[in-house]
Amino acid sequence: MAGSPGTPSQDHSPSGRLGALVDALSDRSISHDQAAELNRLLENDPASRRRYMELMRIEAELGAMHLPSTDRRVDDAAPSPVLAHRAGVASGGRQRAWFSRFAWAIAASVLISAACSSWLTLEGTRGNGPLASLLGPAGDGAAEQVAAPVALVAATRNCRWRGERQDLGFGAEVAGGQLLNLETGLAELTFADGARLVLEGPAAFRVAEEGAVELYSGRASAAVPEGVSSFSLRTPRLVVNESGVQYGVVADGGASEVHVFEGGVKAKAVDRLGNVRRVVELAPQQAARLADLGDRFSRFAADEERFVRSLDTRSGPGEGLLAFDNFAYQPGPVAGQNGGFGWAGAWVQLESEDDAVGGSSTNVVARGSLTTPEVVALGNRCLLDGQFNRIRRTLSTNLGGVFHAAGCMEVIDGFPMVRRTGGSIYLSFMQRISKTDDGFYGLELHRGDGNYNRVLCIGNDVDYKGYGVAVNFNERPGDAKFVSLGEEDDRINFIVVRIDYGEHERDAARVYRNPESLTDESLCTPTAEIEGIFGFDRVSIGNYNGSKQHEIDELRIGTTFKAVTGGSATWEQRGAAADDLARLYCAPGFSPLLGACVY
């Protein structure tokens, strides 16, 4: 055990002052004053720095000699040695053999020294470790940066970073292996596979590798598209690596929490070696806490209010998007809800099964979003659970309204309509039904209420011709009234409609069912094309006959393809498309662990 803090001695033998400080560091009894003393010693004396690394290597080799004979089970979900070491620090043990826990890796002495150095680096990012002053780019022995970017900063709010990277503004690249400390504020990271992560300061974390984030302290929320297997969020005690889910994680000292917002999550409790000790399955709106010691979860209700899930501050039209509704309302009747923008009023219930049979409304806001591999939605969704149901919402087509100001309004038969002769209007939404071949349903564009005023419908046609696009207003002989969109299914479909408005109301619509790209329309092949008269002033959602449910989410209307797809252009703005970034992940010599930890 080291003696009391004092003036550093220049005796660099193991029995000298440096040896005493290293001993205190090794058995984790080092005090704040001792850590500061060691920091000063390493900062001011190159010989001390060299001797320090020699002593740490000796500690590692001694630990390797006493390595327990138990097998180390490698698990895909196991945290890196850095996290395993952090878990050991949090547990407060005193035995010197903590070094031996990392000897399972490629070379005990080298990797263990690297893991120790990584811990020191992490503590330095917090401003209380013995290497705090060595983290800057000018510091002697600063960690080598890994060139390959694995994430981008998509948005920030009042951020202040500590440590080497203090330039992480909008669009900044985050390299694999970088230890980051968000002192205050909020930061949203996006990954090439579409996963999004919002971090709340204060938070210490590392983007360890492709889609793997190690959260040492703080709070974060993740939204992971369906089919993404590479993304994981880890704490020293907890691992979550699910796709098609949205959840929040808290790392607080040695304890960890996971709160599930959408989808099902299997959270894994891991020990200090990274072995999975226990798994808890959580449904939406459920949460679990894993204490500092032990591997038992305590369950409780998820608290969405504790987490910031998006930094999208859009509260009105802009960048080509004129109307939007993601049904981010409290669960209950959809009628009377008035969120989003670009509308002239709230949702109105025109027909509902409960009108005939009594009871609660069957046009409702349901908890959770519809999400596809390409589009991760936040909010809730609209659900029509009855079979004689229609709701509608009128767009802001009044004089001086959103569409008039954007030059997308024309007066037809004395009524203002969404239309722009010689231009285009785009519409997008997500749609799902619970049962196929079960009667009429659709997302409808109307020019006034009533079936006779429906100008376009995406769904199962009223004449039961199948899943497709149908028109009512079509005055040219021989023009089709219905075009198929392919085989009907009960999966979530992302629909994009482009309407080109011609002279004398000779309009044409292209419909993309699950388009190939969210950012480049030229890469997409229309699933159906149809002509008609497509000026409209309201959007309706209908569901009739049979026993199915009809769901709609992420309703957007705008003047460009990107405005309604929600496709992020951030990667393009930074000159790194997702496929290029994926190739960078596999660049020769890229090693997130060693690149981040070895000086």
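A residue is called buried when its relative accessible area is under 20%, exposed when over 50%, and partly exposed in between, using a 1.4 Å probe and protein chains only. By that rule C382 is buried, because its relative accessible area is 0%, while C159 is partly exposed because its relative accessibility is 26%. The structure holds 0 disulfides, a disulfide being a pair of cysteine sulfur atoms within 2.5 Å.

Before we go on, a word about the model. It is predicted, so local features need pLDDT of at least 70 and side-chain atom pairs count only at pLDDT 80 or more, although totals for chains, interfaces and linings use all residues. Residues are numbered from 1 along each chain as its sequence is written, and side-chain values use heavy atoms, leaving out hydrogens and water.

Now let us visit a sheet. Strands are DSSP runs of E with at least two residues, numbered from the N terminus, and two of them pair if DSSP finds at least two bridges between them. Here, 7 strands form an open sheet in the order 16-19-30-23-24-25-26, with antiparallel pairing. Strand 16 is joined to strand 19 (residues 388-394) by 3 bridges, and Q349 stands opposite I391 in strand 19.

Strand 30 (residues 538-544) is where you will find R538. This residue is buried because its relative accessible area is 13%. The side chains of R538 and D449 are joined by a polar contact of 3.2 Å.

Key:
Helix = DSSP H or I, 4+ residues; strand = E, 2+ residues; numbered from the N terminus. Polar contact = N/O pair within 3.5 Å; in protein donor to acceptor, adjacent residues only side chain to side chain.
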